[in-house]
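This briefing goes through selected local features of one model, grouped by topic. Please keep the sequence and the coordinates at hand while reading.

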Amino acid sequence: MSRSYPNTRLRRSRASAWSRAMVRENVLTPADLIWPLFVTDGKGVEDPVASLPGVSRWSVDNIAARAKEAVQLGIPCIALFPQTQLNLRSEDGAEALNPDNLICRAVRAVKDACGDDIGVLTDVALDPYTSHGQDGLVNAAGYVVNDDTVAVLVDQAINQAEAGADIIAPSDMMDGRVHAIRMAMEMNGHPNMQIMAYAAKYASAFYGPFRDAVGSGGRLVGDKKTYQMDPANGDEALAEVALDIAEGADSVMVKPGLAYLDIIWRVRQRFEVPVYAYQVSGEYALLEAGATAGAGDRDALLMEKLIAFKRAGCSGILTYHAPVAARLLNG
Ligand SMILES: NCc1[nH]cc(CCC(=O)O)c1CC(=O)O
Ligand SMILES: [Mg+2]
């Protein structure tokens with residue numbers, strides 16, 4: 001017999017809070033959150049990012065304090081992004097390979113402070129280090145070359161692994177980089193290194209504040225459309241994910257977040273690896289600006305968006321709102 005009124009009244013289970021709790025299909029916990037943090041030079045520095053109200057760049061000592069805060073909040077992982085000094089940026093992004101660069105110092109500081117109480121995810125891509133703001137090496141024609149870039153990314157990943165990173169997250173969208181990094185990890189004594197591939201990363205207008213935060217925005221020459229995906233494409237995202245899994249990714253990411261829930265859902269249905277969403281800087285900025293403009297209650301808007309990622313099948317969400325959300329969840 002098919003369900004029909006009045007035998008079925010779907011409002012019955014919604015009538016009280018205890019009942020709504022009993023039938024709730026998805027939950028969000030602090031363990032679902034990954035907190036992206038920006039690192040800058042100096043000591044005792046908190047430098048607010050103008051386009052991300054409530055988000056700051058932290059010096060290495062303060063990053064360790066943020067990591068301890070994350071542990072206390074029950075956030076299992078932080079993602080670190082460096083604001084590299086202008087004089088250390090170059091055509092080839094060589095600073096990415098410096099064992100004492102900002103990111104390596106930050107990873108060591110977090111691991112010294114927190115040990116295995118927290119996971120540290122590092123981004124593999126050259127944009128925080130290049131003078132032109134592209135994620136890879138640019139040839140005379142202005143094209144970001146694939147294979148030569150992959151060779152540098154491998155060295156960057158090894159550099160981060162040696163510093164103590166727990167998860168390597170290639171965000172560059174070069175073809176074949178997951179395989180190259182996986183082989184390098186096997187051959188350099190890091191067989192348990194996790195790779196979270198930015199597998200379906202779109203050429204998006206939502207990354208603006210991030211580029212401000214790491215200082216690559218004003219410098220970016222051209223766009224990233226020859227390597228990041230066309231927002232019009234969905235099937236192609238599944239091809240990207242399939243390749244990254246075959247190449248050795250332990251988990252995959254879809255980025256940006258909310259505008260790409262269909263991609264998350266399709267990946268979840270098709271593949272067996274954990275899927276993460278990156279709720280990116282522009283999404284954070286829009287939510288804050290909207291709430292400030294009176295579009296709704298910030299906290300309620302935030303929690304509704306985050307549960308949408310869980311409903312779509314995410315194992316977790318990278319979000320600048322991670323500490324805010326964790327505090328709300330912890331009551
Ligand atoms: N490859 C670098 C990178 N890693 C994460 C982001 C964006 C994150 C955000 O907007 O929050 C970007 C920017 C870009 O691809 O231009
Ligand atoms: Mg790819």
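The crossing of helices H4 and H5 is right-handed in this predicted model. H4 covers residues 147-163 and H5 covers residues 177-187.

**Packing of H4 and H5**

- The two helices pack at an angle of about 45°, and their axes are 9 Å apart.
- Angles from 65 to 115 degrees would count as roughly perpendicular and those under 35 degrees as roughly parallel; H4 and H5 are therefore oblique to each other.
- On the H4 side, the contact is made by Val150, Leu153, Val154, Ala157, Ile158 and Ala161.
- On the H5 side, the contributing residues are Arg177, Ala180, Ile181, Ala184 and Met185.
- By class, the residues of this contact comprise ten nonpolar and one charged, with no polar residue.

**Surroundings of ligand 1**

- The shell around ligand 1 holds six charged residues, four nonpolar and two polar.
- Asp123, Asp127, Asp135 and Asp172 are among the residues that surround ligand 1, as are Arg211 and Lys224.
- Ala125, Tyr207, Phe210 and Val280 also belong to the surroundings of ligand 1, together with Ser171 and Ser281.

**Annotated residues**

- An unreviewed UniProt entry carries the annotation "active site" for Lys201 and Lys255.
- These residues span 55 residues in sequence, but no two of their C-alpha atoms are more than 4.8 Å apart, so they gather at one spot.
- Lys201 is part of strand S7, which covers residues 194-201.

**Backbone geometry**

- The peptide bond from Lys255 to Pro256 is cis, with omega near -5°; Lys255 is also one of the residues under the "active site" annotation in the UniProt record.
- Pro256 sits in the loop that runs between strand S8 (251-255) and helix H8 (261-270).
- The peptide bond from Tyr5 to Pro6 is cis as well, and its omega is near 5°.
- Pro6 belongs to the segment before helix H1 (17-23).
- Met173 is not a glycine, yet its phi is positive, at about 65°.
- The loop that holds Met173 lies between strand S6 (167-170) and H5, the helix that packs against H4.

Definitions and conventions. Residues numbered from 1 in each chain as written. Chains lettered and ligands numbered in written order. Predicted model: local features only at pLDDT ≥ 70, side-chain atom pairs only at ≥ 80, totals over all residues. Near = placed C-beta within 6 Å. Nonpolar A, V, L, I, M, F, W, Y, C, P; charged D, E, K, R; others polar. Axes fitted to C-alpha atoms, helices over the stretch in contact; angles between N-to-C directions. Helix = DSSP H or I, 4+ residues; strand = E, 2+ residues; numbered from the N terminus. Parallel < 35°, antiparallel > 145°, perpendicular 65-115°, else oblique. Left-handed = near helix turned anticlockwise from the far one by under 90°. Contact = placed C-beta atoms within 7 Å. UniProt positions renumbered as here; feature names shortened; annotations may be inferred.
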